[in-house]
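Open the model in your viewer and keep the selection tool at hand. The stops below go residue by residue, with what to look for at each.

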Amino acid sequence: MTDTAGTGALPVEGVPAARVLDEIRALRAADRPTHGGRLFAYVYDPGVAGLDELAQAAHAESAHVNGLDPTAFPSLLAMENAVVAAAARLLGGGPGTSAPDVVGSVTSGGTESLILAVKAARDARPDLAEPRIVVPVSGHAAFAKAAHYLRVALDPVPVDPVTLRPAVADVAAAIRPETVLVVASAPSYAHGVVDPVAEIAAVAAAAGVRCHVDACFGGWTLPWLRRLGTPVPPFDFTVPGVTSISVDLHKYAYAPKGVSVLLHRDAGLRAPQFFAYADWPGYTMVNPVIASTRSGGPIAAAYATLRHLGEDGYLRLAALTRDAVAGLADAVRAVDGLRLVAEPESTVVCFTADDPGLDLFVLVDELTARGWHTQPQLAYAGLPASVHLTVTAAVAPRVAEFGPALAEAAAAARAAGPVVLPPELLALAGSLTPEALTPDLIAGLAAGLGLGAGAAPDRMAAVNTLLQAAPVRLRERLLVEFVGLLQRPAW
Ligand SMILES: Cc1ncc(COP(=O)(O)O)c(C=O)c1O
């Protein structure tokens, strides 16, 4: 009998449910492990028994509910308002605080929150033909994306190579009459350091400009760490001049993906975030966020996660994370040739190599081969290449194993030696302009690096070395081309 089901997404005859699930599980086997504390990026795992099941059940309850119209589905509005209130309270807003009128929206993620913060700031100043935003280079790349999508000019501010923070005087100097938004991170993703938010907000306020605090990464950890006694500088609505804050619940609130909260100090500041349209024959449309139809699943799952873990749960998870960070930092300090880029002050451990015989990109591959998945960061603007570890509570029980694995991987990386790309390839990467890239050149480069259609190589050190040799604009173009090779229809 012929198998009419085939392997494609749309078989001629439908496939039984159990088999479909088996197929998905088989595909998932190739993925990095989302649970178990060995993946230091992309996922946030609290390691709490039963939490996944609860979130999945809550997600399923509301998956078909549509956030397009809050009057049709009051359940979603109620959960969204509850989640926004929880985030606002945690971040210094709400009744009885200096920011009693905080309002907010649930978005699909940090990037959407940041795009909307920029949109609100831009649309509050329709008088400006060429609005601009001031962003430290350590700010998340999503601000550049927002600037690109919204045609807002980006004024980057350098960061000090030692503190990894912008100088407040440089931020002040970057503010122009056309500036609509100044940004601070709490903390930055790359290095996990908290910007001088109070000082940045003060210079923004003095210029009459909004100040957004990107707490997408740290907004749900810094408050608990502070309660546990970690020194955390003021970064939330208690700081005068902070006009909006973003915090991602799909990061350290440990909710399934698809949930972030964008808060504004008051409804007037939020108003230009909305889009309403009545100039067509269809339903009257009003969208607080970018998506129009949006599933209630992620909001319900986040609501369930917050209620189930509660303050005591998050405090416990923050304590585990804090201890894991300290243990991982010690493991880095114990390896000759490795150096912490910054003393950890939040939930990131970031290290570099001072020894030219120890190639960080090879080290990352050696760690991967041992089942530890870390994130390489390319050298940039005087900052060295580094390895980033996002640390979550599930890492705590693994810390004792990480130290020996890191030492072993470092020894293996030293023994293997640094990546040596052909000199002509390196020269090409250093001199090519994005415009000079032809399809043949791209195909040749990809083949040389082992990047085939639909597959990435096991070892990425050569790819990272080539990208690092390229100027920023060429890096971007190569990334687009390489990922374009991966995203091909599976005919
Ligand atoms: C500080 C910060 N801002 C924004 C983002 C973007 O978030 P998302 O990936 O949810 O769009 C991230 C993601 O890591 C982040 O760390």
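Start by selecting arginine 132 and the residues in contact with it (contact: heavy atoms within 4.5 Å). Apart from neighbours within four places in sequence, these are Val152, Ala153, Asp155, Arg176, Glu178, Thr179, Val180 and Leu181. This is a predicted model, in which local features need pLDDT of at least 70 and side-chain atom pairs count only at pLDDT 80 or more, while totals for chains, interfaces and linings use all residues. Numbering runs from 1 along each chain as its sequence is written, and side-chain values use heavy atoms, with hydrogens and water left out.

**Arginine 132 and aspartate 155**

Arginine 132 sits in strand E2 (residues 132–136); strands (E, at least two residues) and helices (H or I, at least four) are DSSP runs numbered from the N terminus. Are the two partners buried or exposed? Arginine 132 is buried at 14% relative accessible area, and aspartate 155 is buried at 10%. Buried means under 20%, exposed over 50% and partly exposed in between, with a 1.4 Å probe and protein chains only.

**Arginine 25 and aspartate 22**

Next, select arginine 25 and aspartate 22, whose side chains meet in a salt bridge at 3.8 Å, N to O. Both are in helix H1 (residues 17–28), and because they are 3 residues apart they are separated by about one helical turn. Arginine 25 is exposed, at 54% relative accessible area, whereas aspartate 22 is partly exposed, at 47%.

**Arginine 459 and glutamate 366**

Move on to arginine 459 and glutamate 366, a salt bridge with its closest N and O atoms 3.2 Å apart. Arginine 459 lies in the loop between helix H14 (439–449) and helix H15 (461–469), and glutamate 366 in helix H11 (residues 360–369), so the pair ties together parts 93 residues apart in sequence. Arginine 459 is partly exposed at 42% relative accessibility; glutamate 366 is buried at 10%. The structure holds 24 salt bridges.

**Tyrosine 314**

Select tyrosine 314 in helix H10 (residues 297–333). Tyrosine 314 is buried, with 3% relative accessible area. Beyond its neighbours within four places in sequence, its contacts include Trp220, Trp224, Tyr252 and Leu309.

**The ligand**

Finish at the ligand. Which of the 13 residues around the ligand come nearest? They are Gly110, Thr111, Asp214, His250 and Lys251, where a residue is near if one of its heavy atoms lies within 4 Å. Helix H4 (residues 110–123) supplies the largest share of the shell, 3 residues. Display distances to the ligand's oxygen atoms: a polar side-chain atom of threonine 111 lies 2.5 Å from one oxygen atom of the ligand, and a polar side-chain atom of histidine 250 lies 2.9 Å from an oxygen atom of the ligand. For aspartate 248, a side-chain N or O atom is 3.5 Å from a ligand oxygen atom.

Key
Polar contact = N/O pair within 3.5 Å; in protein donor to acceptor, adjacent residues only side chain to side chain. Salt bridge = Lys/Arg side-chain N within 4 Å of Asp/Glu carboxyl O.
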